[in-house]
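Let's take a friendly walk through some side-chain contacts. Have the sequence and the model open as you read.

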Amino acid sequence: FVTYFKPSRTIDPYNADVYDLLYTSNGGIYDIAFRSKLQDIDQILPLISGRMISFSANSLDNQFYISSGFHALEPWGRWSSDNISRIQFNYSDPDQTPKFLSINLSGFVHSNHPFLRAEVYLNSNPIGEIEFKTGEQNPREFRFDISTHQLDTANLNTLEFRIENPTSPQAVGLSNDPRAIGLGFRSMTLE
């Protein structure tokens with residue numbers, strides 16, 4: 001089978017298809033047959049309240065929750081790759097509803113790009129904003145009150161980060177890295 005991966009970006013494994021190339025030894029490829037989705041949505045592990053999810057390369061956690069808008073893994077975590085980054089997760093314990101979302105983030109700011117802002121949504125409901133400025137603590141922990149936003153225990157929950165002004169290290173004169181980056185995702189916990 002053949003699967004296409006766009007270089008230096010993650011794919012949404014729940015929307016990626018796997019196909020088989022059908023061929024004969026003397027006639028070559030004669031057809032392409034759909035095999036399956038790369039991963040089924042029911043393979044997403046439920047988040048457990050109080051358990052930290054790491055986005056670092058040393059952890060297998062994040063592969064189940066990253067949905068779209070992220071660059072490839074780095075030792076410390078992952079950079080966002082678009083104006084919108086999404087994390088999807090199941091939460092299946094209605095008796096222990098978390099009240100807060102804590103997320104450890106870096107912001108790509110530089111003297112030539114001194115400000116970064118993002119809005120955060122849970123299941124399309126706004127839950128807060130993120131701001132980074134040069135000279136401020138970076139990375140840092142952000143804590144959002146999610147007590148008034150019911151987590152869906154029957155379907156996927158989606159965290160969406162709408163990043164206003166991602167830019168590349170190349171654009172600010174820092175390096176030759178042309179990737180547009182904004183937020184660096186390190187870890188996340190529901191409390």
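## A salt bridge between strands

R117 has a relative accessibility of 14% and so counts as buried (buried means under 20% relative accessible area, exposed over 50%, and partly exposed in between, with a 1.4 Å probe and protein chains only). Its salt-bridge partner is E129, with the closest N and O atoms 2.3 Å apart (a salt bridge is a side-chain nitrogen of Lys or Arg within 4 Å of a carboxyl oxygen of Asp or Glu). The pair links distant parts of the chain, with R117 in strand β8 and E129 in strand β9 (residues 125-133), twelve residues apart. Strands here are DSSP runs of E with at least two residues, numbered from the N terminus. E129 is partly exposed, at a relative accessible area of 42%.

## About the model

This is a predicted model, in which local features need pLDDT of at least 70 and side-chain atom pairs count only at pLDDT 80 or more, while totals for chains, interfaces and linings use all residues. Residues are numbered from 1 along each chain as its sequence is written, and side-chain values use heavy atoms, leaving out hydrogens and water.

The structure holds ten salt bridges. One of them joins E74 and R179, whose closest N and O atoms are 3.2 Å apart. E74 sits in the loop between β4 and β5, and R179 in the loop between β11 (157-163) and β12, 105 residues apart. Both E74 and R179 are buried.

E191 and R143 also meet through their side chains, at 2.8 Å from N to O. Salt bridges with shared partners join R117, E119, E129, E131 and E164 into one network.

## Aromatic pairs

Rings of Phe, Tyr and Trp (its six-membered ring) pair if their centres lie within 6.5 Å; planes under 30 degrees apart count as stacked, over 60 as edge-to-face and the rest as tilted. By this rule there are six aromatic pairs. In one, the ring centres of F55 and F185 are 6.1 Å apart and the planes are at 75°, so the pair is edge-to-face. F55 lies in the loop between β3 (53-54) and β4 (66-68) and F185 in strand β12 (residues 183-190), so the pair ties together parts 130 residues apart in sequence.

F55 is buried at 0% relative accessibility, and F185 is buried with a relative accessible area of 0%. Together with F70 and F161, F55 and F185 form one aromatic cluster.

Note on methods:
Helix = DSSP H or I, 4+ residues; strand = E, 2+ residues; numbered from the N terminus.
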